[in-house]
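User: I am new to this structure and would be grateful for a close look at a single part of it.
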Amino acid sequence: MGDFLQYTVIGLTVGSFYALVALGYTIVYGIIRLINFAQGDLSMVGAFLGWTLLVSFGFEHLPIYLALVIAFVVPMIGTAVVNLGILQFAYKPLLRRSLLAILITALGMSLLLQNSAELIWGAAIEAYPPNLLPSSGFFVGPVHVTYVQIALVVASLLLMGGLVAFIQGTTIGTAMRALAVDHDAARLMGINVDAVIRIAFVLGAMLAAASGVMLGIYYVQIHFTMGFLLGLRAFTAAVLGGIGNIPGAMAGGMLIGLLEAYTTGYLSGTWEDVVVFGVLITVLIVKPTGLFGERVAERM
Amino acid sequence: MIAQLTERPVGRVYATVRDRLGRTPYWSRVVVSLVAIGVAVIFWNDDYVTAVAVSVATYAMLGLGLNIVVGYAGLLDLGYAAFFAIGAYTSALLMTQAHWNFFTTLPFAVLFTGTAGAILGYPTLRLRSDYLAIVTLGFGEMTRITFNNWEYAGGPNGVLGIPWPNFFGYELNTQADFFIVGLFLLAIAMIFAEHLDHSRLGRGWVAIREDEFAAESVGVPSLRLKLFAYVMGGMWGGLAGAFFATRIGAIDPTSFTFQLSVLILIVIVLGGTGSLPGVLLGALVVVALPELLRELSDVRLLVFAILLVGMMLLRPQGLWPRIRRKPKPFYGLQEEEPEDVAARILREHQVQMEERDRRHAAAGHKVPAAGEILLEVDGLVQQFGGLRAVDNVSFSVRRGEIFSIIGPNGGGKTTLFNCITGVQRPKRGRVLFDGRSIVGLRPHVIVSRGIGRTFQGIRLFKNMAVFENVMVGLYPRHRTMTWQAMLHTPGERKDELRTLQESRRWLSFVGLESMAGQLASQLSYADQRRVEIARALAAHPHLVLFDEPAAGMNPTEKLELVGIIRKIRDLGITVVLIEHDMSLVMRVSGRIAVLDHGILIALGKPAEIQNDPAVIEAYLGREDDDMGRLTAQEA
């Protein structure tokens, strides 16, 4: 039982990272039906930008709150710019073309980001400052909870809450929801479709970058290929929760995190992806719209 | 581009040469080109060059397999390396553990990968294409990780010491030997792929890519065709895997990563999706380019990524795109006189009907005679959320009559058609055709039972020629098997010719023979509707459902349509019509049903319907309604 709870704590922490990236997939997919394969790699870019600021620029020596604000905000902006560039140069001309063309381009962008990162930051594993946040924790019964875990989960919950508030409470959010239903109708109502798509890409990138920095803080080690598996699991989470469905993406992320933690705990770390994909395939076969139902109409 | 070329003398020579070449059998061209390549490489006599050439051949083989999946069937597969891995491991384990000969392991490598393809494909091919991409990606990773964790297969170390292949006592152990084997396998793969592409399967795949829903509705078993492409592609991957294993001598899970799947995809996208020479060219670029740019090997993938994205933006058709020659319809067919055509259609149709009735009776079912009930709809209910689109509708259609369904927009007419043709499953109620229930059958099965249809919004395969559209409609009537298509046997050729002949007859039946070679999208609205009618008739249905066939037609065209509908009835085919043009409906229909808000409010002969107060009310509103009186006066 103690083990189980311990794995649950780990799973929820990791799951909140996946949930953030999954939200990026879901927002972009909901609006333009594009699987932005580069989503995970945007996370990686965010992680490296954060690392550059903290370690290369030495911001880790600043007061902790200031360092954290810089380490989150700057990569979020930087990654958003990168994603906007991707949208403008690669996806925009293809939006009206076949699904295959867009998907292959998205794959190309993912490869491009990875290899550019390798060129810029090198192929070596880099390390976040290990003691940025106090590594101590406390026990709840037999379960050890660290302050880092609490801080990261709270931060991602805040980001998710902010996102929901944005989408539900603002005019732009309403426009996004309208676009998810019908592009042409939204355009006829005077919504600037291109601008809304750009906002979706900015939001997706910001969430991805934040999760990247969190991963860096949590796992310490970062590598230019880290985005691949992260993106894959996050996408799995998005599909599991029903793509286009925002609460679904959050729940899906948590679920994947838990699944991963239990597999590692009870079975072995080497089987993680087999279990994760096995569950994904099973869910898609049994309920193709995901556990919580899809929020998009099929493009005929 | 080709058209521009033919304007110039050089272009004309090129066109002539191409035409001549086009008439030689495909296999001879493949054999000649590959032998030429083989001779050139072997006479170069450089081990390094030959080794690179073997790699190119391996990638080309993989590309050809994936091309069937992606290029022909239009399914995105991001885990193709899994099939390569399964083939490689099957062959390697059989050779090292069971000490089999390489060539004996091949059937098993192919069998295992084919089975894996079927197991993965069957449940997942119903998914949307982008989901399928992720599922295949997941499958690829699962396969690799499983091999990585599987002790018997050597775990992370893989299988070592795989012996050379032994060909009747001759050990193949030089790069040149492997190159010859590789070219041989490649030749077979290319010939089979080309034959498939030009068979009814190829046509079915194009139709599915263009409009899967329409393809299924005119009789193409879309799931089966997709599954077949998947299994075929998997089998080629398995073959390439076995070849790879024995050539390298040691395999481990790192040879079968996601990156490999992406590289193979790049091979075909770079070369031109669906193009066979494109696959060869793509393989050459993907393998040889990094060899040429050795010092750049650090940024190899970066260059690829840029190439890939640039390619999609600037030259999405690929380096050697698939050339769609302007289709020459009816090339080599005998001319037929118009009266002759009509007589043949009638005869052929009667033969078909009799054969069908006989089979039907032999199976113990009652065969409705003319005037007896052919289609019976009983208590049909279809509901979307709170809206009852079809509410407890019952009627029956007699064999040989023209039956019209009319009613205001939103009355549930098209929903009714969709329930009958298997596009939707009704909530409640029965649909009996020929005395047998057809509820819950897939659309293509219902087509083969003998119901054809057209669509309210035209759903032709826009980028196929008119006659090809009709040939897709003939899909259920092919008599040849897949292996015959792959080998392009005389039987299959005869079958294709017969299909072509019949498509021509049906086009002449609707008066469009002269348009046969045009792309469907180039035709006028009215002509497109007629092509849809020909496509629906091609399968020799018992019953056709036409959804607003006169929409968008001018008065002359409508008059011609009336003639066509009567001609169809004269063939003995029962016609059910949804139509808004009252004069047309009144002129052709034997009986008319009126649907309003999903409810059947009237059923009877045209004269009865015209004077039915409920019908007048549904169309024009009640007497005390000002608007109603106004419209009534105008009318």
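Which strands of chain B does helix 22 (residues 555-570) of chain B lie across?

Analyst: This is a predicted model, in which local features need pLDDT of at least 70, side-chain atom pairs count only at pLDDT 80 or more, and totals for chains, interfaces and linings use all residues. Residues are numbered from 1 along each chain as its sequence is written, while chains are lettered from A and ligands numbered from 1 in the order in which they are written.

Helix 22 of chain B lies across strand 5 (402-406), strand 9 (543-547) and strand 10 (574-578) of chain B. Helices (H or I, at least four residues) and strands (E, at least two) are DSSP runs, numbered from the N terminus. The helix runs at about 150 degrees to strand 10 of chain B; axes are lines fitted to C-alpha atoms, for helices over the stretch in contact (C-beta atoms, placed from the backbone, within 7 Å), and angles run from 0 to 180 degrees between N-to-C directions.

These strands belong to an open sheet of six strands in chain B, ordered 8-9-10-5-11-12, with mixed pairing. Two strands pair if DSSP finds at least two bridges between them. In general, strands of a sheet pair through backbone hydrogen bonds, either parallel or antiparallel. Strand 8 (451-453) and strand 12 (599-604) of chain B are the edge strands, each pairing on one side only. From one strand to the next, the twist averages 20 degrees.

Opposite D596(B) stands I599(B), in strand 12 of chain B.

Technical notes: Two residues are in contact if their C-beta atoms, placed from the backbone, lie within 7 Å.
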